[in-house]
Amino acid sequence: SDDDDCGAPAMRRVLSACVVGLGVVYVGFVVWGGVRSRRRPSGGGGGGVPGRERRPPHRSEASSWSASSQQRGVPPRAELGCVGVRCCFRVGDAAPECVEAEIEVASAMTAQTWGAPLRDGASSWRLRHLIADGLRAHPHLAAWEATHSSTNGSSSSSSQKPDLVLWYPTVAAQPPSPKALGGRPRREHLVVVDERDTFKPHPGLDALAGDYLVVFKRSFVRKRDGALVDAFPRVAPRYYPFQYALADSYLRASSTSDDTPTSPRAAAFELPAWRDRPLDVVCTLRVGRGEFQARARVLDATRRAMLANGWTGYAGELDSGSRTKINEAYHALMRRAKVVVTAQPGEWEGDFRTFEALASGALVVSDRLFHAPSPRPLVAAEHYVAVDVAATNNYTATSSALERTLRYYLVDRPDLAERIAAAGFRHALRYHRTVSRVDWLVRSALAEQQQQSAAFHHHHQRAEKGGPPAKYNETARVVYDRGLRRWKEGERQRQFIAEAPPVTTQRLDDAAIAALRVPLDRRRSSGTEHDIIKGISATRH
């Protein structure tokens, strides 16, 4: 017992030393681990899918990734694409980047599209494709098509009662009857979507005599040969402008080199880096038989600039693609270009080319986008580069202005060109994808209902637990009133312009138009064997 008593203090000292030692080791591991976590790449800055747990690459995937990509923990190629409001893409060798489209409608809604079934080649196929694309991507909107009678506007699905009914006058000549709307008034539920190439309303709108909720008109302003005549024509009540949108299918279309048919195809949702694009300029505007003079001037000036500066690219009609399909060769050509030159039609406004060009990731050079007010508008010199396409007395000066613009961004400031191209691409994905455009159409219609129908309040109180109706931003009415106010503020300046001597329109003659119908193809780096310059210097009158 004496031995035990004598050894106890020594034993306690040993145990204390062990505890202290373990504590020191523990603290050392904690500090070492903190330093490693601060040094480890986070994978941020656009890499990866926000809100999704990162995982190490599978062995089968690792062979196609670079070491830096593995360290960043970027998602595999299979995760590129648009799902719902989120769209993930890759530019060059950079990590994938995701952009979420803006939407505001947060309660469940149903919409019925009124017209013939959506089939390839059908009337207004592209517009209906865009809206259907947006409805599918929206998390809170459900839609279905209704079979209808062209004589009395009846429907075989009249027992269903959608919140909104979308009527395309270019597809179904007669609007849906109140019976087709489930016995509810058209004044509270009928949304008219008119895409005709004129500011004038569809004749079927006159028969309604205001018995509709709202009208969205694609070609809203009045133009003449590229010049604005009136941005706010007085046409009908609750009559608002809308623009087309960037479809997910524009990004989904895979790229292929058009120099050699055997070249490998790039995956969908992958864009080449701006500086690595092999073509300087692409312009695929069509001139018709001379009826599209504003676009003909832009195409002619682009060709002259390409020849004068030795730029590679393509200028002229690519093929006979139409509004009834997604043209992969056309999208592939633009993805290979640093600059895409385009222009609105001379006699109306609103085309698919604008958002097709933005989807390519190239620097977009165009006339003003847009004269009609639009939500989250594209800003010149920030999202695209604006040029004047209106007819003038000095065509040489107009042509030289476009050449100087192209030279500035291609030669003097390629860094600025790349920055504007990236900003325009991301802005279009954020605010002008089809899901955002459909959300804007729906919330604009709901805002009109807020002013018209007490039934609307009851519908939304179910989802908002008795709260007030949702307050939406950037609705059609808000955008229209803001644009009209700015237009009136500039009325004195427009009166001064109106008193100036009239502009003498310069038209390209038949010989010049015929020459423009032959493409200028400079897709080879040397630009010799593909140059087609016959008739470029044709006379004008």
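R376 sits in the loop between strand 18 and strand 19, and its phi is near 45°, a positive value for a residue other than glycine. This is a predicted model, so read every value here as computed from it. The protein chain comes to 17 helices and 20 strands, and buried residues make up 51% of its 541 residues. Among contacts with a separation of 6 or more, 71% are between residues 24 or more positions apart.

- As background, most residues other than glycine have a negative phi, and most peptide bonds are trans.
- Back to R376: with a relative accessible area of 26%, R376 is partly exposed, because that value lies between the 20% and 50% cut-offs.
- A209 also has a positive phi, about 50°, although A209 is not a glycine.
- You'll find A209 in the loop between helix 6 (203-208) and strand 8.
- A209 has 68% relative accessibility, so A209 counts as exposed.
- The peptide bond from L369 to F370 is cis, with omega near -5°.
- F370 belongs to the loop between strand 18 (363-366) and strand 19 (385-386), which is also where R376 is placed.

**Disulfides**

- A quick reminder: a disulfide is a covalent bond between the sulfur atoms of two cysteines.
- The structure holds two disulfides, and counting bonded cysteines along the chain gives the pattern 1-2, 3-4.
- One of them joins C82 to C87, with an S to S distance of 2.0 Å.
- The link of C82 and C87 is left-handed, with -40° about the S-S bond.
- C82 has 14% relative accessibility and therefore counts as buried; C87 is at 0%, so C87 counts as buried too.
- The other disulfide joins C88 to C98, S to S 2.1 Å.
- That pair links distant parts of the chain, 10 residues apart: C88 is in strand 2 (residues 86-91) and C98 is in strand 3 (residues 97-100).
- With 105° about the S-S bond, the link of C88 and C98 is right-handed.
- Both C88 and C98 are buried.
- A further cysteine to look at is C283, which is buried because its relative accessible area is 0%.

**Helix 4 against helix 13**

- Two packed helices are described by the angle between their axes and the distance between the axes.
- Here, helix 4 (residues 125-137) packs on helix 13 (residues 434-452) at an angle of about 90°, and the axes are 7 Å apart.
- Helix 4 and helix 13 are therefore roughly perpendicular to each other.
- On the helix 4 side, the contact is made by L130, I131, D133, G134, L135 and A137.
- Helix 13 brings T434, V435, V438 and L441 to the contact.
- Sorted by class, the contact has seven nonpolar, two polar and one charged residues.

**Buried charges and their partners**

- D248 is in helix 7 (residues 248-252).
- At 3% relative accessibility, D248 is under the 20% cut-off and so counts as buried.
- The D248 side chain makes a polar contact with the side chain of R433, at 3.0 Å.
- Setting aside neighbours within four places in sequence, D248 is in contact with C82, D133, F269 and R433.
- Two of those partners turn up elsewhere in this briefing: C82 is joined to C87 by a disulfide, and D133 takes part in the contact of helix 4 with helix 13.
- R218 lies in the loop between strand 8 (214-217) and strand 9 (222-224).
- R218 has a relative accessible area of 0%, so R218 is buried.
- A polar contact of 2.2 Å joins the side chains of R218 and D197.

**A tyrosine on helix 11**

- Y408 is found in helix 11 (residues 395-412).
- At 33% relative accessibility, Y408 counts as partly exposed.
- Leaving out neighbours within four places in sequence, Y408 is in contact with R413 and L416.

Terms used
Residues numbered from 1 in each chain as written. Predicted model: local features only at pLDDT ≥ 70, side-chain atom pairs only at ≥ 80, totals over all residues. Heavy atoms only, no water. Axes fitted to C-alpha atoms, helices over the stretch in contact; angles between N-to-C directions. Helix = DSSP H or I, 4+ residues; strand = E, 2+ residues; numbered from the N terminus. Parallel < 35°, antiparallel > 145°, perpendicular 65-115°, else oblique. Contact = heavy atoms within 4.5 Å. Nonpolar A, V, L, I, M, F, W, Y, C, P; charged D, E, K, R; others polar. Buried < 20%, exposed > 50% of the residue type's maximum accessible area, 1.4 Å probe, protein only. Polar contact = N/O pair within 3.5 Å; in protein donor to acceptor, adjacent residues only side chain to side chain. Disulfide = S-S within 2.5 Å.
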